[in-house]
Amino acid sequence: VMRTWVLLPAVLWCLTGVRCPRSTLFNTKGFIYGKTGQPDKIYVKLHQNSPVLMCMDFKLSKKEIVDPTYLWIGPNEKTLTGNNRINITKTGQLMVKDFLEPLSGLYTCTLSYKTVKAETQEEKTVKKRYDFMVFVNPFAPGWKGACNGSVDCEDTTNHNILQARDRIEEFFRSQAYIFYHNFNKTLPAMHFVDHSLQVVRLDSCRPGFGKNEGLHSNCASCCVVCSPATFSPDVNVTCQTCVSVLTYGAKSCPQTSNKNQQYED
């Protein structure tokens, strides 16, 4: 019996835009509604557009609201306005185009609207805040070479891996047939056991990314951009601590004044 093993790099996870398990509410069009309280975590693949974030909750979207206004605050705690990368509509919908590491972080929207009491016609202004924690989820290492510049690298690379497995299986199957029929049984019999070829997943993350099951329990298998105060200089699956890092996706840790704690740039 011949058992053949092949070790191929495993490639990404579950996103083409956003497809990971999550608690966020969606409508039939795929828009993400806010929830009051703890921020929802949203994972976006690198260089993909983010989902559309709605500055209201699902229940409120079913009602008619009076004079609504929307104020979006970005990860840098500055007011967001529409530009070639940030798309904000008049109805409070936000989408980030071509998502990059520095765009990760907390997106907050404050919705203000008026209510009117039927008996007294008294107007009252209501404000609600919705928080969205948005993280970028990268392609696997070497995606440019494997995908020839394809934007959706996950599907392309996974297809290539499965195709390689099928071709290797076919090679050994044909070799077994040739040995059995063309060598007058002078050589030992060669057999191929169907489905014995194994494709093994190798976990790795691009520099600037890592995994954290505690912070990202609903995307534990994802390589997620390293948060501030952490960095990753190589393809390991965890981000290292560095208090000098203030941004997302750091690949190095700046030198500190503490001589007992040295990092490479």
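**A chat about cores and ring pairs**

Biologist: Let's start with D57. Which residues does D57 touch, leaving out those up to four places away in sequence?

Modeller: With those left out, D57 touches Y33, G34, K128 and Y130. Keep in mind that this is a predicted model.

Biologist: Where is D57 found?

Modeller: D57 sits in the loop between β5 and α1.

Biologist: Is D57 buried or exposed?

Modeller: D57 counts as buried, because its relative accessibility is 13% and the cut-off for buried is under 20%.

Biologist: What lies by the polar atoms of the D57 side chain?

Modeller: Two backbone nitrogens. The one of K59 lies 3.2 Å from a polar atom of that side chain, and the one of L60 lies 2.7 Å from a polar atom of the D57 side chain.

Biologist: New topic: rings! How many aromatic pairs are there in the whole structure?

Modeller: A search of the whole structure finds four aromatic pairs. Take Y33 and F58: their ring centres are 5.3 Å apart and their planes stand at 85°, so this pair is edge-to-face.

Biologist: Where in the chain do Y33 and F58 come from?

Modeller: Y33 is in strand β3 and F58 is in helix α1, which covers residues 58–61. The two are 25 residues apart, and the pair links distant parts of the chain.

Biologist: Are Y43 and F135 buried or exposed?

Modeller: Y43 counts as buried at 2% relative accessibility, and F135 is buried too, with a relative accessible area of 5%.

Biologist: Which residue joins Y43 and F135 in a cluster?

Modeller: Y248. Ring pairs link Y43, F135 and Y248 into a cluster.

Biologist: Let's move to the nonpolar core. Which members of the largest one touch the most other members?

Modeller: Those are W72, Y107 and F132, in a core of 40 residues.

Biologist: Which strands supply that core?

Modeller: Several give at least two residues each, among them β3 (32–33), β4 (40–45), β9 (105–116) and β13 (224–225). β10 gives the most, with seven residues.

Biologist: What is in the second core?

Modeller: That one is separate and has five residues, including F231, C242, V245 and C253.

Biologist: Last one: what is the mean pLDDT of the chain?

Modeller: The mean pLDDT is 76, and 72% of the residues reach 70 or more. Over residues 1–28 the pLDDT is below 50, though this stretch has 97 contacts in the model beyond near neighbours in sequence. Residues 257–265 also have a pLDDT below 50, with twelve such contacts.

Methods. Residues numbered from 1 in each chain as written. Predicted model: local features only at pLDDT ≥ 70, side-chain atom pairs only at ≥ 80, totals over all residues. Heavy atoms only, no water. Core = buried A, V, L, I, M, F, W, Y, C linked by side-chain atoms within 4.5 Å. Buried < 20%, exposed > 50% of the residue type's maximum accessible area, 1.4 Å probe, protein only. Helix = DSSP H or I, 4+ residues; strand = E, 2+ residues; numbered from the N terminus. Phe/Tyr/Trp six-rings, centres within 6.5 Å; stacked < 30°, edge-to-face > 60°. Polar contact = N/O pair within 3.5 Å; in protein donor to acceptor, adjacent residues only side chain to side chain. Contact = heavy atoms within 4.5 Å. pLDDT = per-residue confidence, 0-100.
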